[in-house]
Amino acid sequence: SQAQKASKAIARERRNYHIHRLYVRQEHKECLAVIEEVLGEFGGLCEYPIYVKALIKRHEGKIAESLTLFQAATALNPHNVANLKQVGRSLYLLGRHRAAIDVYDEAQNAVGADDWEIWHNKGLCYMYLKQFDESVECFKGANDIQRHDTTYAQMGKVYALQEKYNEAVDVYLEALEFSPENPEVLTTIGLLYLRMGESFRAFDYLGNSLTHDPRDPKAILAAGSI
């Protein structure tokens, strides 16, 4: 009956909320016990408990197992983009970069093109495949949606890997406009200027970095070498 269906749905929501609270509190052992109980009760057909179990398994370093679980959650609800993104992330962590890109493309088709995380993660996959032009385009796409230090850092790395140091410096200088007191960015610019043989400029940025983080070993060693 309708009443039975409704009470079952309410019971499931309550269990999901309980699972969510245990996960957030990082009580993983108890959380997994509740998940197994719920999956047994509902014949394994519960998207959210499977999703959380997958997150816990990944946290435990069991990436392949977490991938299988995320795929199961996706099979239960193919329209939930969060599931697809986690499948992509698991494939990326397993080094299956081409397969991860395919999944991220599928997620983009479902959600539209304005998801920072998808663009950023596709950029990482292309970087590991050494498809540097595609990688840069993806990182630019991510920054167009929302600027992040981490996206700038990875885009700069792509240019540095190709020994395009001027382009890398430009990217990090743009990052500095966004995050002016970031010692990591300041140090990276200093190190790039060192590689380019511009010691005075290098010293300037490394010195600036050390005013924000006097214990940064990279900046100390690099400044000491000038």
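**Exercise 1. Determine which residues I145 touches, leaving out those up to four places away in sequence.**

Solution. Apart from residues up to four places away in sequence, I145 touches A113, D114, D115, W116 and W119; contact means heavy atoms within 4.5 Å. For W119, the separation from I145 is 26 residues in sequence and 9.2 Å in space, C-alpha to C-alpha. I145 itself lies in helix α8 (residues 132-145), where a helix is a DSSP run of H or I with at least four residues, numbered from the N terminus. With a relative accessible area of 33%, I145 is partly exposed. That class lies between buried, under 20% relative accessible area, and exposed, over 50% (1.4 Å probe, protein chains only).

The model is predicted: local features need pLDDT of at least 70, side-chain atom pairs count only at pLDDT 80 or more, and totals for chains, interfaces and linings use all residues. Residues are numbered from 1 along each chain as its sequence is written, and side-chain values use heavy atoms, with hydrogens and water left out.

**Exercise 2. Identify the members of the largest nonpolar core that touch the most other members.**

Solution. A nonpolar core is a set of buried Ala, Val, Leu, Ile, Met, Phe, Trp, Tyr and Cys residues joined through side-chain atoms within 4.5 Å. The largest such core has 58 residues, of which I19, C31, I35, I189 and L192 touch the most other members. Helix α10 (residues 165-178) supplies the largest share of this core, 7 residues. Beyond its neighbours within four places in sequence, I19 contacts C31, V34, I35, V38, Y48, P49 and V52.

**Exercise 3. Describe how helices α1 and α2 cross.**

Solution. The axes of α1 (residues 2-24) and α2 (residues 28-41) come within 8 Å and cross at roughly 160°. Axes are lines fitted to C-alpha atoms, for helices over the stretch in contact, and angles run from 0 to 180 degrees between N-to-C directions. The two helices are therefore roughly antiparallel, a term for angles over 145 degrees. On the α1 side, the contact is made by R15, H18, I19, L22 and Y23; the α2 residues include C31, V34, I35 and V38.

Definitions and conventions: Parallel < 35°, antiparallel > 145°, perpendicular 65-115°, else oblique.
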